[in-house]
Amino acid sequence: MHILVLGASSYVGAALAEAFSPNNGLILVGRDVDRLIMATKICKNSGAAQVAYIEQDLGQGVSAVLQAIEGKRIDLVIDAASASSRYRDTEIEPSDIPRYVYADFLSRTEIMDHVLRNQDSAPAMIFISTVLTLVKSPGRRIYTALKALNETHLTKIKNSRPDFYLLIVYVGAVIDPRHETRKPKELASAVFQAFVNKNERLF
C-alpha cells in the first residue's frame, strides 16, 4: 500500500506509521523535522518499502502535500494531526480560530478532495478522534468541535462512496505530547488490528 500519514511527527502519528510500515510505502507529514527524520528511520528499520517525509504545518497550507501525492495512488490516509489539541479554549485567541479551523478541518477536506478527484477508487481512512476531552477536559470545546466536524465530513463521504472504508479511533487515554511512553505504540497496535479486522470504530 501507499500510505499518507498526517501528524507523523507526533508520538501517536509516528507509532502508527511504524505499525503500518512493513512492505508499504509511506509519506510522512508533520511540523517537527527532527521527529520526522527519526520516524523515517524507524519506518525503514521496520520494513517499509519506501519512506518520504514532508515538513508541513497544515495551518500554513497543504500545497507541499498535494505536490508530493500528485500522480500517486494513495491506498490509505492516516490522520493523527491536530494543531488545537494542546490548548484549552481560554488559551486560543478569537483571531486564531480561523487558523485552527483551517489546520484541523479545512486542510483535511482539501487533501481528501484532491485524492478522491485524482484516482478511480477511494483510499481507506483512519481518523484519530477523541472522547477524552468530553470526559476530563470540558474546557477544550474548540478542539472537540473540530474533531466532530471531521467525523461528519468523513461520514458523508462514506455514505456517498461505498468503496470508502473509514475507521474512526476514539482515544480515551491521556497521551503526553512532551514525553515518549508506551501508550502510542499500544494504541497503534490496536489500530492496526482494527484495520485488519475492518472495524469501523475503535474505542
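A polar contact is a pair of N or O atoms within 3.5 Å. The views below show a predicted model.

**View 1. Ser9 makes polar contacts with the backbone of Arg31 and Asp32.**
Ser9 sits in the loop between strand S1 (2-6) and helix H1 (11-19). A polar atom of the Ser9 side chain lies 3.4 Å from the backbone nitrogen of Asp32. The Ser9 side chain also reaches the backbone nitrogen of Arg31, at 3.2 Å. Leaving aside residues up to four places away in sequence, Ser9 touches Val29, Gly30, Arg31, Asp32, Arg35 and Leu36. Is Ser9 buried or exposed? Its relative accessibility is 10%, so Ser9 counts as buried; the cut-off for buried is under 20%.

**View 2. Strand S2 is mostly covered.**
Of the 6 residues in S2 (25-30), 6 are buried. Gly25, Ile27 and Val29 point one way from the strand. Leu26, Leu28 and Gly30 point the other way. In a regular strand, side chains alternate between the two faces of the sheet.

**View 3. S2 pairs with S1 and with S3.**
S1 and S2 run parallel, with 5 bridges between them. Here Leu6 stands opposite Val29 of S2. From S1 the chain crosses through H1 to S2, and this β-α-β crossover is right-handed. S2 also pairs with strand S3 (residues 50-55), in the parallel sense over 6 bridges. Gly25 stands opposite Gln50 of S3. S2, H2 and S3 form a right-handed β-α-β unit.

**View 4. The largest nonpolar core has 31 residues.**
Which residues have the most contacts inside this core? They are Leu28, Ile126, Leu167, Val169 and Val191. The elements that give two or more residues to the core include S1, H1, S2 and helix H2 (33-45). Strands S4 (76-79), S5 (124-130) and S6 (166-171) are also among them, as is helix H7 (183-196). H7 gives the largest share, 5 residues. In soluble globular proteins, nonpolar side chains tend to be buried together.

Ile126, Leu167 and Val169 are, like Val191, among the residues with the most contacts inside the largest core. A second, separate core has 27 residues. Leu4, Val62, Ile74 and Tyr102 are included in this second core.

Methods. Residues numbered from 1 in each chain as written. Predicted model: local features only at pLDDT ≥ 70, side-chain atom pairs only at ≥ 80, totals over all residues. Heavy atoms only, no water. Helix = DSSP H or I, 4+ residues; strand = E, 2+ residues; numbered from the N terminus. Buried < 20%, exposed > 50% of the residue type's maximum accessible area, 1.4 Å probe, protein only. Polar contact = N/O pair within 3.5 Å; in protein donor to acceptor, adjacent residues only side chain to side chain. Contact = heavy atoms within 4.5 Å. Core = buried A, V, L, I, M, F, W, Y, C linked by side-chain atoms within 4.5 Å. Pairing = 2+ DSSP bridges. Right-handed = clockwise from strand over helix to strand, strands pointing away.
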